[in-house]
Amino acid sequence: MEAPLTSAPSSPRGKIVAQAEELYRDLSFGAVRRWKAAEPGRKALGYLPVYAPLELIRAAGMLPVGIVGGGDMEVVRGDACYQSYICRIPRSTIELGLNGALDCLDGMLFPSTCDVIRNLSGMWRMMFEGRYVRYLDLPQNFDPAVGGVFFAHELRALAKDLESLGGRPVTDAALREAIAVYNENRAAIRELYDVRAREPWRVPASELYLVMRAGNVLPAEEHTELVRAYLAAARAEDRRLQDTARVVIRGCFCEQPPVDLLRTLERSGCSVVDDDWLLALRWFDADVPTEGDPLDQLVRAFLSRSPACPSLYLRQGKKGDALLERVRETAAEGVVFAAPSFCDPALLEQPMLLNAVKAQKVPCTAFQFAENTGQFQVIREQAGAFADSIRLA
Ligand code: SF4
């Protein structure tokens, strides 16, 4: 039986999803432009996947803007900058920069996710001279006396930069306020994920993704409102339980799958109960304390509450433990490994995750995608056969 994919456009839920989809499709970042135009002097800072200190950016008075490539936009000049065996997100990001879509940003932050993003930061510096660019090194040592000291130093240096760029000091009070606002936002997102894990037929993957994605361009409090409004509408609407296979998706932590790919998975009989999309918006799995030195609290949260992710060294346990834990927590019946083509971190981690799930006899399947994948028939057949094999077992 097919899962419902779209809400009636006139329903409260349908209107929220339509608003979120409009933001998703707007590659000129109109929401960011409107936010800046509402008050003279406002600044916005773009950040690439996977993690960025959103609280620090907000505390400097700036809007953090998540940049996750250009989807299915045509890429011409961006292609000229990269070899054919590199993922697509850097090419489309360059295209967005060259076509003026990112002119609304006053700077760009490139976190140390992988070599591709490191290279992109260097190219950005050369191609967009005069614009603020920072490569943000994230610790791979989770000892507070080593990685913690290093990361605090990085964040303090970034704060100094942002103070100059935003024209506003990053005070402890501003940082505490920002932490509280993002705690609220992450709490709403956790609730959304919990409801989806319990009753995936109420929260289709494609709708959850669009509502989440709005968080890339909206101020955190507006996004919290959107998530809560969606949750209220989803709870109020009567949707029937579906005979689908409950699956966890892994591999899409950086370059994002097209929303139509998510709809294809649903049409093929898979209900997604957990995923690794848009991790920057839900990086910490618990509130960051607002007492004490707020910057130190962010550092501690990074060291102890970061999600398992292909670009992070595993500080304890082994690769696959966190995935198996989520499989248990969400009562998933299978795992779908969906990695972007040529994504070294995701594809190098995949064999270890595969071994872990196979050892526990959790059914799994794997395919690759690109943000501009437009043909879904093969994926639909593969995912459909996978869902059938689970349901008929
Ligand atoms: S998709 Fe993978 S390889 Fe490409 S920039 Fe992201 S992490 Fe790096």
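This is a predicted model: local features need pLDDT of at least 70, side-chain atom pairs count only at pLDDT 80 or more; totals for chains, interfaces and linings use all residues.
Strand E3 (residues 107-111) is joined to E4 in the parallel sense over 5 bridges. Within this sheet, Met-108 stands opposite Val-133 in E4.

Another open sheet of 4 strands has the order E6-E5-E7-E8, with parallel pairing. Its edges are strand E6 (270-274) and strand E8 (364-369); since each has a single partner strand, one side of each is left without a neighbour in the sheet. From one strand to the next, the twist averages 35 degrees. Strand E7 (residues 334-340) pairs with E8 in the parallel sense over 6 bridges. Pro-340 has Phe-369 in E8 as its bridge partner. Helix H14 (residues 377-391) packs on the sheet and touches strand E5 (245-250), E6, E7 and E8. The direction of H14 makes about 165 degrees with that of E8.

Helix H12 (residues 321-329) has the buried residues Leu-323, Arg-326 and Val-327. These cover an arc of only 105 degrees around the axis, which puts them on the same side of H12. The face turned away from this buried side carries the exposed residues Glu-325 and Arg-328. Among the elements that cover the buried residues of H12 are E5, E6, E7 and H13. Ala-331 follows H12 and has a positive phi, near 55 degrees.

Helix H9 (residues 220-236) has 17 residues. From its first C-alpha to its last, H9 reaches 24 Å, close to the 24 Å expected at 1.5 Å a residue. The buried residues of H9 are Ala-220, His-223, Thr-224, Leu-226, Val-227, Tyr-230, Leu-231 and Ala-234. Seen down the axis of H9, these residues fall within an arc of 160 degrees, so they line one face of the helix. An α-helix has 3.6 residues a turn, so residues three or four places apart point the same way. The cover over the buried residues of H9 includes helix H1 (12-25), helix H3 (54-59), helix H7 (172-198) and helix H8 (205-213).

Helix H7 also contains Arg-190. This residue counts as partly exposed because 16 C-beta neighbours lie inside 10 Å, where a buried residue would need 20 or more and an exposed one 12 or fewer. Arg-190 and Leu-281 are 91 residues apart in sequence, yet 10 Å apart in space, C-alpha to C-alpha.

The ligand is surrounded by 14 residues, of which the closest are Cys-87, Cys-114, Cys-254, Glu-255 and Cys-343. Helix H4 (89-98), helix H5 (115-127) and helix H13 (344-359) are the elements that give two or more residues to this shell. The largest share, 3 residues, comes from H13. H13 is also among the elements that cover the buried residues of H12.

Note on methods:
Residues are numbered from 1 along each chain as its sequence is written. Two strands pair if DSSP finds at least two bridges between them. Axes are lines fitted to C-alpha atoms, for helices over the stretch in contact, and angles run from 0 to 180 degrees between N-to-C directions. Two residues are in contact if their C-beta atoms, placed from the backbone, lie within 7 Å. The expected span of a helix is 1.5 Å times one less than its number of residues. The arc is that of the directions from the helix axis to the C-beta atoms. A residue is near a molecule or strand if its C-beta atom, placed from the backbone, lies within 6 Å of it.
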